Amino acid sequence: MHEYMSTARVWGLSCPGFPEEVSRARRWTRDILRGSPLAEDAELIVSELSANAILHTASGREYGGFHLAVAVSAQVVAVSVTDDGGTATAPKVEHQDQDAEHGRGLGMVSAIAHRVVVHDSDQGHTVTAELYADGRLGGHPC
């Protein structure tokens with residue numbers, strides 16, 4: 001990512017809903033953000049959101065898939081994962097106890113990202129996590 005970039009650049013990747021696609025999505029994100037101080041956090045977020053799509057929605061069913069978008073500007077890195085829907089409720093942060101084996105992923109994403117937004121549509125859900133280059137922009141500690 002070039003520090004003098006004046007406009008946002010956006011990349012997209014569509015993946016079939018196989019578990020091994022989570023690692024491909026992670027590598028793809030790492031390649032796009034090579035050299036960015038936000039790369040590791042973005043990679044972790046992509047991993048969690050992609051896995052959630054496969055495990056908890058129609059994305060993990062036969063012929064299912066998920067779409068990943070990475071938008072980069074000088075101020076913000078935003079990663080979005082859109083699933084194939086198939087669930088009655090939208091993804092939400094659940095407060096699980098420390099020993100829980102499931103249900104903590106979106107909470108972890110919320111702790112890492114400066115902002116998390118969930119959009120619902122008839123086709124599925126999109127979870128977008130934003131990471132700010134300057135942590136003071138969002139009023140959330142880095």
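Modeller: Let us begin with burial: buried means under 20% relative accessible area, exposed over 50%, and partly exposed in between, with a 1.4 Å probe and protein chains only. Glutamate 43 has a relative accessibility of 14% and therefore counts as buried. Please note that this is a predicted model, in which local features need pLDDT of at least 70 and side-chain atom pairs count only at pLDDT 80 or more, while totals for chains, interfaces and linings use all residues. Residues are numbered from 1 along each chain as its sequence is written, and side-chain values use heavy atoms, with hydrogens and water left out.

Biologist: How many helices and strands does the chain have?

Modeller: Helices (H or I, at least four residues) and strands (E, at least two) are DSSP runs, numbered from the N terminus. The chain has three helices and five strands, and along the sequence they follow the pattern β-α-α-β-β-α-β-β. Of the 142 residues in the chain, 39% are buried.

Biologist: How is the packing of two helices described?

Modeller: One gives the angle between their axes and the distance between the axes. Axes are lines fitted to C-alpha atoms, for helices over the stretch in contact, and angles run from 0 to 180 degrees between N-to-C directions. Here helix α1 (residues 20-32) packs with helix α2 (residues 39-56) at an angle of about 155°, and their axes are 9 Å apart. That angle makes α1 roughly antiparallel to α2; angles under 35 degrees count as roughly parallel, over 145 as roughly antiparallel, 65 to 115 as roughly perpendicular and the rest as oblique.

Biologist: Which residues make the contact between α1 and α2?

Modeller: Contact means heavy atoms within 4.5 Å. From α1 come Val22, Ala25, Arg26, Thr29 and Arg30, and from α2 come Ala42, Glu43, Val46, Ser47, Ser50, Ala51 and Ile54. Six of the contact residues are nonpolar, three polar and three charged. In this grouping, Ala, Val, Leu, Ile, Met, Phe, Trp, Tyr, Cys and Pro count as nonpolar, Asp, Glu, Lys and Arg as charged, and the others, Gly among them, as polar.

Biologist: What does glutamate 43 touch?

Modeller: Glutamate 43 is in helix α2. Not counting residues up to four places away in sequence, glutamate 43 touches Arg26, Thr29 and Arg30. Arginine 26, in helix α1, is partly exposed, at a relative accessible area of 27%. Leaving aside neighbours within four places in sequence, arginine 26 is in contact with Glu43, Val46 and Ser47. The C-alpha atoms of arginine 26 and alanine 42 lie 8.6 Å apart, although the two are 16 residues apart in sequence.

Biologist: Which residues have the most contacts inside the largest nonpolar core?

Modeller: A nonpolar core is a set of buried Ala, Val, Leu, Ile, Met, Phe, Trp, Tyr and Cys residues joined through side-chain atoms within 4.5 Å. The largest such core has 28 residues, and Ile45 and Val79 have the most contacts inside it. Among the elements that each supply at least two residues of this core are β1 (9-16), β3 (76-82) and β5 (124-132). The largest share, seven residues, comes from α2. Leaving aside neighbours within four places in sequence, valine 79 is in contact with Ala42, Ile45, Val46, Ala69, Val70, Val127, Thr128 and Ala129.

Biologist: Is tyrosine 63 buried or exposed?

Modeller: Tyrosine 63 has a relative accessibility of 78% and so counts as exposed. Its place is in the loop between α2 and β2.

Biologist: Where is glutamate 130 found?

Modeller: Glutamate 130 is found in strand β5 and is buried, at a relative accessible area of 16%. Leaving aside neighbours within four places in sequence, glutamate 130 is in contact with Val76, Val77, Ala78, Ala113, His114 and Arg115.
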